[in-house]
Protein chains: 2
Amino acid sequence: MFDYQKNRLRRAFTDSLPLPEHLDSHLKQALTRVLTNHGSLIRPEIVMDLALGYELPLGVATDLAVGLEYFHTASLLFDDLPSMDDAVERRGTPCVHVEFGDSGAILSALALINRAYFLIWRAAAQCSPANQPVALAYLEHHLGVGGLLHGQSMDLHYESLPRGRETAEQIAIGKTVSLMRLTLVLPAILGGASAQELHLLNRIALFWGLSYQIADDLKDVLQNSTESGKTSSRDYSLGRPNIALILGVDGAVQRLQRFIAMGDTMVRKLVTLQPNLRFLEAIRADLGKELIILTQSACTETVGASS
Amino acid sequence: MFDYQKNRLRRAFTDSLPLPEHLDSHLKQALTRVLTNHGSLIRPEIVMDLALGYELPLGVATDLAVGLEYFHTASLLFDDLPSMDDAVERRGTPCVHVEFGDSGAILSALALINRAYFLIWRAAAQCSPANQPVALAYLEHHLGVGGLLHGQSMDLHYESLPRGRETAEQIAIGKTVSLMRLTLVLPAILGGASAQELHLLNRIALFWGLSYQIADDLKDVLQNSTESGKTSSRDYSLGRPNIALILGVDGAVQRLQRFIAMGDTMVRKLVTLQPNLRFLEAIRADLGKELIILTQSACTETVGASS
């Protein structure tokens with residue numbers, strides 16, 4: 001993505017939820033914090049590239065990208081609450097609920113969500129009428145009890161579920177893959193992608209979502225390891241689902257490689273059908289670099305552990 | 001409203017958020033509790049009568065009514081949380097967060113919200129295209145930082161605001177009036193009401209919303225009074241905004257009567273323009289009965305206090 005596009009995205013993230021002058025000062029401060037402290041914005045970049053790849057107008061692409069990123073941001077605000085993951089820090093600063101109370105975090109998240117539905121509806125309204133109901137039903141399904149909320153509820157009650165790879169991957173499909181599907185599939189639906197293209201994008205979202213989750217799980221285990229080779233991961237101490245704890249580091253790396261390879265097959269087929277989506281190969285390349293780093297750490301880890 | 005319509009509404013409230021079979025059992029139990037334990041459904045009855053008064057199809061009227069009631073229900077789940085009003089009971093049973101934890105209440109509320117946006121979007125999509133963007137912008141404004149969330153944030157930080165009638169009424173306008181506006185105005189926008197009708201409905205929502213709030217405040221003060229005439233209201237002990245505590249019982253009754261009279265003027269004008277909305281007079285009559293009971297309690301109270 002070009003720099004001017006990234007700058008446009010940064011501005012749009014901050015400006016797409018205008019705060020009224022008379023807004024209660026507590027909520028205003030919390031929301032200002034949230035709106036000026038965005039993450040890497042990789043997800044909304046993909047949304048924009050996809051939407052533009054399907055020749056949707058720039059305004060539509062921006063509304064979709066920011067709307068989905070608002071949903072993602074709101075999910076982080078809820079995730080971090082004491083009644084959920086009980087986190088205290090996010091993106092190097094104190095969590096919103098630490099600074100503004102649980103109620104400040106909840107009201108900020110609801111403000112993002114309310115605006116997100118509006119932005120996405122506004123974007124959809126400018127697309128082909130036939131695609132609108134499909135797109136909005138897709139959104140409802142993957143954000144709601146069919147996707148994200150189901151995954152989050154399983155995640156919170158992991159200890160009462162049968163432990164193992166299958167449960168951990170079901171949770172990842174609910175949480176990580178749902179948002180990945182919205183990122184990759186929603187703009188394509190509105191852009192009039194063919195059934196086959198949508199099928200391939202849905203598969204890529206599944207493989208990439210699971211890959212990202214395993215990479216995260218590996219990082220949790222590897223970056224927290226002590227020199228003794230004994231894992232001291234945060235997920236382990238909190239009893240959270242983690243594929244690298246379940247399969248071991250080697251098993252998790254193998255599974256990650258397998259998902260990436262399956263994704264590659266889908267990307268190749270998709271780019272043949274729709275050459276405008278060639279940028280997906282660059283995103284895949286970034287994932288590959290991360291994989292190399294992880295594999296190296298894993299080797300060092302294994303060597304360290306056996307020495 | 002006829003009984004068969006009320007039954008239809010009860011069923012629709014329970015059935016409009018289908019729960020997938022595989023849904024995590026914790027979330028499923030919490031949501032089943034919420035969906036089978038609705039309130040009086042007076043608000044969605046008004047939505048239905050208005051939508052049908054403007055000759056919208058029955059399916060559209062039902063989606064609007066249930067969608068708005070889901071928003072209302074979600075707002076109660078959030079309000080009751082320990083970090084907000086810290087309530088333990090609602091509608092004669094333990095609050096959802098008491099039974100299913102804060103996270104269970106939050107995820108249930110988000111499921112209702114996600115479905116509500118979809119139902120309302122689905123209803124809007126069947127109405128005149130010109131009215132759709134107006135309706136969805138109206139929804140976004142009154143649910144978001146321009147309405148409900150602003151009111152809730154002020155309510156939570158009442159102790160840091162200048163106390164008095166003006167602040168208490170600003171909070172009521174944010175919380176109670178915003179939902180009343182959606183109830184009265186949203187179906188009318190989608191039904192193609194004229195600018196003058198919308199103006200009158202907005203005014204009725206303002207006066208009725210404030211009336212309901214004052215009636216609630218009076219109940220809090222009167223029903224908790226001891227024989228000594230000394231108020232022992234819940235709002236007083238929690239330091240919550242309450243018009244009857246600020247103006248005294250007599251002052252609050254007078255203000256309530258004034259708002260009802262102002263509402264009456266608007267209802268008369270509106271029914272002349274749009275005779276289909278004559279049912280609003282019956283709703284006003286119910287409010288009147290409540291007022292008589294409250295005024296009688298207030299008199300007894302005053303006599304009791306001075307004796």
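Tutor: A crossing of two helices is called left-handed if the near helix is turned anticlockwise from the far one by less than a right angle, and right-handed if clockwise. Keep that in mind as we look at this model, which is a predicted one.

Student: Which hand does the crossing of H4(B) and H5(B) have?

Tutor: The crossing of H4(B) and H5(B) is left-handed.

Student: How is the packing of two helices described?

Tutor: In general, one gives the angle between the two axes and the distance between them. Here, helix H4 (residues 58-79) of chain B packs with helix H5 (residues 96-125) of chain B at an angle of about 155 degrees, the axes being 8 Å apart. Because angles over 145 degrees count as roughly antiparallel, H4(B) is roughly antiparallel to H5(B). Among the residues that make this contact are B:Leu64 and B:Phe71 of H4(B) and B:Leu112 and B:Ile120 of H5(B), and by class the contact has 17 nonpolar, three polar and three charged residues.

Student: At what angle do helix H3 and helix H8 of chain A pack?

Tutor: Helix H3 (residues 42-53) of chain A and helix H8 (residues 165-190) of chain A pack at about 25 degrees, with axes 9 Å apart, which makes H3(A) roughly parallel to H8(A). The crossing of H3(A) with H8(A) is right-handed.

Student: How many residues of chain A are in contact with chain B?

Tutor: In chain A, 37 residues are in contact with 37 residues of chain B. On the chain A side, H5(A) gives the largest share, 14 residues, and that side divides into 22 nonpolar, 11 polar and four charged residues.

Note on methods. Residues numbered from 1 in each chain as written. Chains lettered and ligands numbered in written order. Predicted model: local features only at pLDDT ≥ 70, side-chain atom pairs only at ≥ 80, totals over all residues. Axes fitted to C-alpha atoms, helices over the stretch in contact; angles between N-to-C directions. Helix = DSSP H or I, 4+ residues; strand = E, 2+ residues; numbered from the N terminus. Parallel < 35°, antiparallel > 145°, perpendicular 65-115°, else oblique. Contact = placed C-beta atoms within 7 Å. Nonpolar A, V, L, I, M, F, W, Y, C, P; charged D, E, K, R; others polar.
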